[in-house]
Amino acid sequence: MGLNFDLEGMIGSTLMAAAVLFLCIWLSRKVEMKPNKKQNLLEYLLDFTNGIVRDNVEDEDAQKHLSLYAFVLFLFIWCMNQLGMFLEVKIGDFMFVKSPTADPVATMAFAMMTLLLSFTFGVQKFGVGGYLKNYTAPVGFLLPINLIEEFTNFLTLALRLYGNIYAGEVLLTLLGDRLAHSGGIFTLVLVAPLAMVWQGFSVFIGSIQAYVFVTLSMVYIGKKVTTE
């Protein structure tokens with residue numbers, strides 16, 4: 001369907017997976033009853049993502065399984081969102097490293113994971129028959145609407161993240177490569193602070209989008225394990 005698993009996305013995803021792994025190992029070394037600064041940061045991140053899970057998923061069994069998923073998902077997406085803001089490796093016309101979330105394939109993969117998890121927890125909670133019956137609740141004619149909703153949830157979850165990160169990178173590229181060199185030293189001096197401001201704003205947007213993605217993922221899963 002015109003979507004490809006590009007090399008730059010694979011390289012970026014692998015780098016950020018290694019970064020998240022290293023960060024978690026570094027923060028969790030020498031865990032003590034009296035937390036140090038690194039341990040405090042790790043516990044704050046865990047409390048933050050656990051709070052997202054508790055606020056949106058009522059089922060306690062699902063909460064136990066989702067806590068780690070939400071934590072890793074938030075860190076992984078956050079790191080991938082920031083990668084293209086600070087590091088882009090381009091040789092000739094080929095880009096080797098950029099934000100993986102600026103590619104719809106990556107964001108659709110995350111959305112699909114959330115969707116499959118929501119199906120899994122729903123079936124575990126209600127059984128296959130009970131889960132399928134929920135699509136016709138409270139009245140049977142809502143079945144087509146509920147099925148369409150599954151598809152739209154998948155698309156909106158994936159494309160919201162992709163659109164924000166892609167737009168940020170495109171504008172940063174236009175500022176850095178096109179506008180900055182269009183009028184010599186004058187435009188270079190003029191664009192430099194503007195590019196830095198936009199880069200800081202993009203970091204903020206990347207953080208918000210990681211939070212939104214994890215929150216909506218928990219909302220979708222929470223709906224599957226709750227009878228309205």
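This is a predicted model: local features need pLDDT of at least 70, side-chain atom pairs count only at pLDDT 80 or more; totals for chains, interfaces and linings use all residues.
1. Which residues form one aromatic cluster? They are Tyr44, Phe48, Phe74 and Tyr211. Rings of Phe, Tyr and Trp (its six-membered ring) count as a pair if their centres lie within 6.5 Å; planes under 30 degrees apart are called stacked, planes over 60 edge-to-face, and the rest tilted.

2. Residues are numbered from 1 along each chain as its sequence is written, and side-chain values use heavy atoms, with hydrogens and water left out.

3. Let us start with the overall layout. The protein chain has six helices and two strands, and reading along the sequence gives the pattern α-α-α-β-β-α-α-α. Helices (H or I, at least four residues) and strands (E, at least two) are DSSP runs, numbered from the N terminus.

4. Now for the whole-chain totals. The protein chain has 228 residues, of which 37% count as buried. Buried means under 20% relative accessible area, exposed means over 50%, and partly exposed is in between (1.4 Å probe, protein chains only). The accessible surface comes to about 13,400 Å², and 70% of it belongs to carbon and sulfur atoms. Accessible areas come from the Shrake-Rupley method with a 1.4 Å probe; for residues, only the protein chains shown count as cover. Among contacts in the protein chain with a separation of 6 or more, 71% come from residues 24 or more positions apart; a contact means heavy atoms within 4.5 Å.

5. In an unreviewed entry, UniProt gives the annotation "transmembrane region" to residues 12-28, 66-85, 105-123, 179-198 and 204-222. UniProt positions are given in the numbering used here, feature names are shortened, and annotations may be inferred rather than shown by experiment. You can compare two of these spans with the model: residues 66-85 are 100% helix and 0% strand, with end C-alpha atoms 29 Å apart. Residues 105-123 are also 100% helix and 0% strand, and their end C-alpha atoms lie 27 Å apart.

6. Have a look at Asn81, which lies in helix α3 (residues 60-86). Is Asn81 buried or exposed? Asn81 is buried, because its relative accessible area is 1%. Leaving aside residues up to four places away in sequence, Asn81 touches Ser99, Thr101, Leu161, Ile165, Gly206, Gln209 and Ala210.

7. How many salt bridges does the structure hold? There are three, a salt bridge being a side-chain nitrogen of Lys or Arg within 4 Å of a carboxyl oxygen of Asp or Glu. One of them joins Lys125 and Asp59, with the closest N and O atoms 2.7 Å apart. This pair links distant parts of the chain, 66 residues apart: Lys125 is in helix α4 (residues 104-133), and Asp59 is in the loop between α2 (37-56) and α3. Lys125 is partly exposed at 43% relative accessible area, whereas Asp59 is buried at 12%.

8. Helices α5 and α6 deserve a careful look too. Lys223 forms a salt bridge with Glu149, the closest N and O atoms being 3.2 Å apart. Lys223 is in helix α6 (residues 185-224) and Glu149 in helix α5, so to speak of distant parts of the chain, the two are 74 residues apart. Lys223 is partly exposed, with a relative accessibility of 37%, and Glu149 is partly exposed at 30%. Lys224 forms a salt bridge with Glu150, with the closest N and O atoms 2.0 Å apart. Lys224 lies in helix α6 and Glu150 in helix α5, so this pair ties together parts that are 74 residues apart in sequence. Lys224 counts as buried at 13% relative accessibility, and Glu150 counts as buried at 12%.

9. Back to the rings: the structure holds nine aromatic pairs. Among them, Phe110 and Phe213 are edge-to-face, 6.2 Å centre to centre with 75° between the planes. Phe110 lies in helix α4 and Phe213 in helix α6, so the pair ties together parts that are 103 residues apart in sequence. Both of these residues, Phe110 and Phe213, are buried.

10. Tyr166, Val170, Leu171 and Leu174 make a nonpolar surface patch of about 300 Å². Patches are made of residues with over 30% relative accessible area and no salt bridge: like charges are joined within 9 Å, and nonpolar side chains (Val, Leu, Ile, Met, Phe, Trp, Tyr) within 5 Å. Leu174 sits in helix α5 (residues 143-179) and is partly exposed, with a relative accessible area of 37%.
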